[in-house]
Amino acid sequence: MSKPIPLYIKREIYSSTELTGNYFVLRILDEELALKCKPGQFFELRAAKMETDCSLPKLFKPISIYDVTKVIISFLIKKRGSGTNSLSKSTTTDLLEMIGPLGNGFPIVSGRNVLLVSGGIGYPPLSYLYKELIAQNQIYWIHGGGGSNDVFPCNEVWTIDGSYGNKGMVTENLENILTEKKIDLIYSCGPIPMLKECFRKASKLNIEQYCSLEAYMACGIGSCYGCAVPIGKNDQWNYLRVCQEGPVFNAEEVLWNLL
Ligand SMILES: Cc1cc2nc3c(=O)[nH]c(=O)nc-3n(C[C@H](O)[C@H](O)[C@H](O)COP(=O)(O)OP(=O)(O)OC[C@H]3O[C@@H](n4cnc5c(N)ncnc54)[C@H](O)[C@@H]3O)c2cc1C
Ligand code: FES
């Protein structure tokens, strides 16, 4: 089935809420667009104010869908550089430029023992996925962040500085969790080293895994190949675009040693 063409639209920001630790949540109202969204997909976002304020960045920024209710689409964003900072300054009634929904999204399953593994800003797409999976699956969710400002609700938190939850990397106790919880499917999203480690440990137990890859994006719509990653098996592989064929890939098909 061919993918629907992503839309370019401008929408008023319905609300913008500051959270601790440089995070904020942007929400827009659009029932028709909400119906088109799937967990794991993302939008390219830009503050429309940049049309009149030349100091604002012109590049759109890829941001995952954090939540969808009947009429509201939400984004959980961490302020990092000029793009996300300009988004954080947009307030209610300011216009947001949006392209999307983009990418393929996670496969939705039922009757499985699922583990969600998120790191840092890998949390938002798994939050939306959790909502879609929870009625039909057993889910255990582990999340890792730098410190107490990078943690969100889940079953088990790991922080690098030990200021909240367990001290260390989120993948540290992975083997035990996989066995104890009888996990048969993993969804992961976060920094590449975390995804790699997750794959390395879980593949020894032949557990099915889907990961959402991070990549620097320019166009976000499949034209520039700036986000290409090596995907395939043995010598049958090619560069696929994270924004178009991804961001979600079967972890077994990612050529981790080339990333
Ligand atoms: C598919 C996808 C979904 C994403 N979803 C979210 C989300 O839901 N919430 C969120 O806060 N962020 C998300 N991101 C990351 C977000 O796009 C970047 O943080 C943002 O583009 C940074 O832009 P900036 O102009 O604020 O900072 P820049 O000035 O461009 O960069 C600031 C710092 O962030 C680093 N950085 C920038 N982009 C990336 C990237 N893609 N991967 C790793 N490091 C990066 C830079 O190296 C630099 O150190 C997502 C990225 C992708 C590819
Ligand atoms: S960002 Fe241009 S092809 Fe993916």
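Me: What radius of gyration does the chain have, and what would a compact globule have?
Reply: The chain in this predicted model has 18 Å, which agrees with the value near 18 Å for a compact globule of 259 residues. The radius is taken over C-alpha atoms, and the globule rule is 2.2 Å times the number of residues to the power 0.38.

Me: And what box do the C-alpha atoms fill?
Reply: Along the principal axes, they fill a box of roughly 55 × 45 × 35 Å.

Me: How many helices and strands are there?
Reply: The chain has five helices and 16 strands, which are DSSP runs numbered from the N terminus, with helices being H or I of at least four residues and strands being E of at least two.

Me: Is helix α3 mostly covered or uncovered?
Reply: Helix α3, residues 123-133, is mostly covered, with eight of its eleven residues buried, where buried means under 20% relative accessible area with a 1.4 Å probe, counting protein chains only.

Me: Which ones are buried, and what covers them?
Reply: Among them are Y123, Y128 and L133, and their cover includes β6 (72-78) and β9 (138-145), where contact means heavy atoms within 4.5 Å.

Me: Back to the chain, what percentage counts as buried?
Reply: Of its 259 residues, 50% count as buried.

Me: How are residues numbered here, and what pLDDT is needed?
Reply: Residues are numbered from 1 along each chain as its sequence is written, while chains are lettered from A and ligands numbered from 1 in the order written. Local features need pLDDT of at least 70, side-chain atom pairs count only at pLDDT 80 or more, totals for chains, interfaces and linings use all residues, and side-chain values use heavy atoms, leaving out hydrogens and water.
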